[in-house]
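Open the model in your viewer and keep the selection tool ready. Each stop below says what to select and what is there.

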Amino acid sequence: MRSNVITITKDQEHFSCKRCGACCKDRDVPLALDDIFRLSDFLNMDPDQFFKDYCIEVAESSDNIALPFLRRDNDKCCFLEDNVCQVHFMKPSICEHLPSTMFGSLEYLRTKMPEDCAIHQTKPNNGNDERKRKNYITAMMLTTIYYSKHGTFSYETAKPFLYRILLFKKNRDQIYRLMGTEIMSN
């Protein structure tokens with residue numbers, strides 16, 4: 001009989017999710033414009049409708065620009081069902097890298113997770129997260145610039161910014177989907 005329980009060795013090299021759902025609860029999930037596009041495409045929805053159904057715009061204070069976040073239902077991500085991510089294969093960029101030390105130390109991440117989370121047995125990653133960090137920060141910077149100019153999400157006005165994000169990430173398939181027949185493949 002097969003078990004769906006993931007075992008954790010004391011000295012594991014990489015994080016191995018136990019599907020406890022802790023990463024998806026009690027936290028906000030900021031979205032870059034390409035996250036909105038990828039998720040709407042994955043769910044076969046119009047990006048504007050996806051935004052209306054699953055996103056909110058939040059500003060930390062009246063002096064800050066409101067940015068898009070995934071909606072939370074009862075303090076958990078709107079896509080978390082029975083501790084399983086319903087959009088796992090196309091999840092937002094920030095979630096894709098969790099738990100990651102690209103935004104903080106492993107020790108800090110461990111303070112945020114329950115004791116049975118695999119993060120407590122994971123060795124620090126000595127790999128290079130610099131490319132991931134640059135991609136994420138560039139996407140969020142372009143999203144912030146878009147929001148400072150337009151104030152709210154609209155797929156048509158977001159397309160040029162989205163194109164730049166996808167181009168920077170070298171995501172050719174999604175560029176073709178975004179542009180449709182407007183560009184020719186080389």
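**Whole chain**

Of the contacts (heavy atoms within 4.5 Å) in the protein with a separation of 6 or more, 62% join residues 24 or more positions apart. This is a predicted model: local features need pLDDT of at least 70, side-chain atom pairs count only at pLDDT 80 or more, and totals for chains, interfaces and linings use all residues. Residues are numbered from 1 along each chain as its sequence is written, and side-chain values use heavy atoms, with hydrogens and water left out.

Switch to cartoon view. The protein has 7 helices and 6 strands. These are DSSP runs numbered from the N terminus: helices are H or I with at least four residues, strands are E with at least two. From the N terminus, the order is α-α-β-β-β-β-β-β-α-α-α-α-α.

Now show the surface. The accessible area is about 11,700 Å², and 50% of it belongs to carbon and sulfur atoms. Areas come from the Shrake-Rupley method with a 1.4 Å probe; for residues, only the protein chains shown count as cover. Of the 186 residues, 35% are buried. Buried means under 20% relative accessible area, exposed over 50%, partly exposed in between.

**The nonpolar cores**

Select Leu33, Leu70 and Phe153. They have the most contacts inside the largest nonpolar core, which has 36 residues. Such a core is a set of buried Ala, Val, Leu, Ile, Met, Phe, Trp, Tyr and Cys residues joined through side-chain atoms within 4.5 Å. Elements giving it two or more residues include helix H1 (33-42), strand S2 (67-70) and helix H5 (130-150).

Zoom in on Leu33. Leaving aside neighbours within four places in sequence, its contacts include Leu142, Tyr146, Phe153, Phe161 and Ile165.

Next, select Ala22, Cys23, Cys117 and Ile119. They belong to a second, separate core of 5 residues.

**Asp35**

Stay with helix H1 and select Asp35. Is Asp35 buried or exposed? Asp35 is buried, at a relative accessible area of 0%. Beyond neighbours within four places in sequence, Asp35 is in contact with Pro30, Pro92 and Ser93.

**The cysteines**

How many disulfides does the structure hold? It holds 0; a disulfide is a pair of cysteine sulfur atoms within 2.5 Å. Select Cys78. Its nearest cysteine sulfur, that of Cys77, is 4.6 Å away. Cys78 counts as buried, at 11% relative accessibility.

Finish at Cys95. Its closest cysteine sulfur is in Cys24, 6.2 Å away, which is too far for a bond. Cys95 also counts as buried, at 15% relative accessibility.

Definitions and conventions:
Buried < 20%, exposed > 50% of the residue type's maximum accessible area, 1.4 Å probe, protein only.
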